[in-house]
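Work through the exercises below with the model open. Each task is followed by its solution.

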Protein chains: 2
Amino acid sequence: MQQRAVVPITVEGLKTACSQCNLQELCLPFGMSDGDIDQLDALVGGRRKVKRHQHLYRVGDAFESIYAVRTGSFKTDVLLEDGREQVTGFQMSGEILGLDGISTDAHTCNAVALEDSDVCIIPFANLETLSREVESLQHQFHKVMSREIVRDHGVMMLLGSMRAEERLAAFLINMSQRFTARGFSAAEFHLRMTREEIGSYLGLKLETVSRAFSRFQENGLIAVQQKHIRIRDIGGLKALLSHLPSV
Amino acid sequence: MQQRAVVPITVEGLKTACSQCNLQELCLPFGMSDGDIDQLDALVGGRRKVKRHQHLYRVGDAFESIYAVRTGSFKTDVLLEDGREQVTGFQMSGEILGLDGISTDAHTCNAVALEDSDVCIIPFANLETLSREVESLQHQFHKVMSREIVRDHGVMMLLGSMRAEERLAAFLINMSQRFTARGFSAAEFHLRMTREEIGSYLGLKLETVSRAFSRFQENGLIAVQQKHIRIRDIGGLKALLSHLPSV
DNA sequence: CAAGCGGGTTGACGTGGATCAAACGCCCCA
DNA sequence: TGGGGCGTTTGATCCACGTCAACCCGCTTG
């Protein structure tokens, strides 16, 4: 951890404002002109802090807003009646949560903070109203939803067609890319989720995840120490995907 | 096959028109007022026939339109470079295809007709323009996308957390519900896809699918004859889901 | 009418990942 | 500073599903 310069906190500084936000490039405003982005400032209904392990929303909650992660990270999951959990995604800063609620006006999954986090609240009625006026916002929002669908297809590919080590390699590459996009190291990062949560996401048991990590370490692909990951051979990981066991 | 009455074919009769379409309740216009639906007639850019095994679109094709299935059915899939296929969905009449393309302006999966089919072409630029004017259309479209995301979560649950027989039971129940919604029998229907395609969708090998069908038949849950399915005990199938092997 | 073929079923066997179990290490808190 | 608990690692064993292979059936084609 690094000491950071003390910055005076002012009301201005705390104001919710897409136009001032350094996550623009990762978030809903991505690709919009400065002028259009200024209009978004009116869109955000406020912020909300969510402590580690607290829910942002639960299955069945009335749907009113979507959320943009400002700091921290979340998981979304679905529960089967007998208690089995399926993690459907992990969300980092700039990513949008809550799209599942639009279809039935109620949330269909749970969103839980993996660490102390905070989010921008975007009342959905506002978003629809404004996106009828601001074409670029409309288009961006459609892209965000479509991207989620494409991501889900990738997960289906993972779950339906890959073996354990391929799944974990794909997961690590994906995490690395997302950390990179946020200005963090591509090679060294700290996972916020447990082995069990990774396993649930990847359709594996936690022991299998742990063993795959160990195997990667033995093969010099990564260095693991609990949640801390250092990627030593990204090419090797990618090779695991573009197929074939050891060719 | 049944002889059908000869109906005179006129230009009127062939005209694309949501307001005249009997799929309204299942398709994009669902929930919209008659007045609003009339405006959709301008939206549809035409129709397209797709023969069995032909592609409606392929990975990489430029994205310009989404499609509503009028007759027939489709599968969508994603291919891994080593040839592994993951079927990401099966689409029936009234369902929307092509939403994956919005995110990158190019399609990210393949859509293939399972039988001779035809679709309405909905140019996406038109849809965005019109949905800036017609609030109910905008909202419906958002619901359609969200529903797709929720469906995908269900598939993740299937693939990540269920065993083979649970997956197939969920698949059969889902098909039954969708046939029912279309006015067909809930208990007796004809599958358009092969065992291999079902297996790919469910993350199983075709032999496993075949064996699970046979097991269901032995247990009096269904009667199978190739692609023809008759459900004899829908409660029994549902019981397989709400859990626990034989309790 | 025969031959070929794609799709489906069934059996025998192999294996990747699940399950069960034990021990370890980090971290929180008294 | 020491104890307790959660998360993780690792080993031994099991089993659900994959793999390989034979065969069947209904359709198409010459």
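**Exercise 1: the interface**

Task: state through which surface the copies meet, and describe the side of chain A that touches chain B.

Solution. Of the interface residues of chain A, 100% are also interface residues in chain B, so the copies meet through the same surface. The structure is a predicted model, in which local features need pLDDT of at least 70 and side-chain atom pairs count only at pLDDT 80 or more, while totals for chains, interfaces and linings use all residues. Residues are numbered from 1 along each chain as its sequence is written, and chains are lettered from A and ligands numbered from 1 in the order in which they are written.

Next, count: 39 residues of chain A are in contact (C-beta atoms, placed from the backbone, within 7 Å) with 39 residues of chain B. Two or more residues each come from β5 (85-91), α3 (124-133) and α4 (135-161) of chain A; helices are DSSP runs of H or I with at least four residues, strands runs of E with at least two, numbered from the N terminus. The largest share, 19 residues, belongs to α4(A).

Notes. Two residues are in contact if their C-beta atoms, placed from the backbone, lie within 7 Å.
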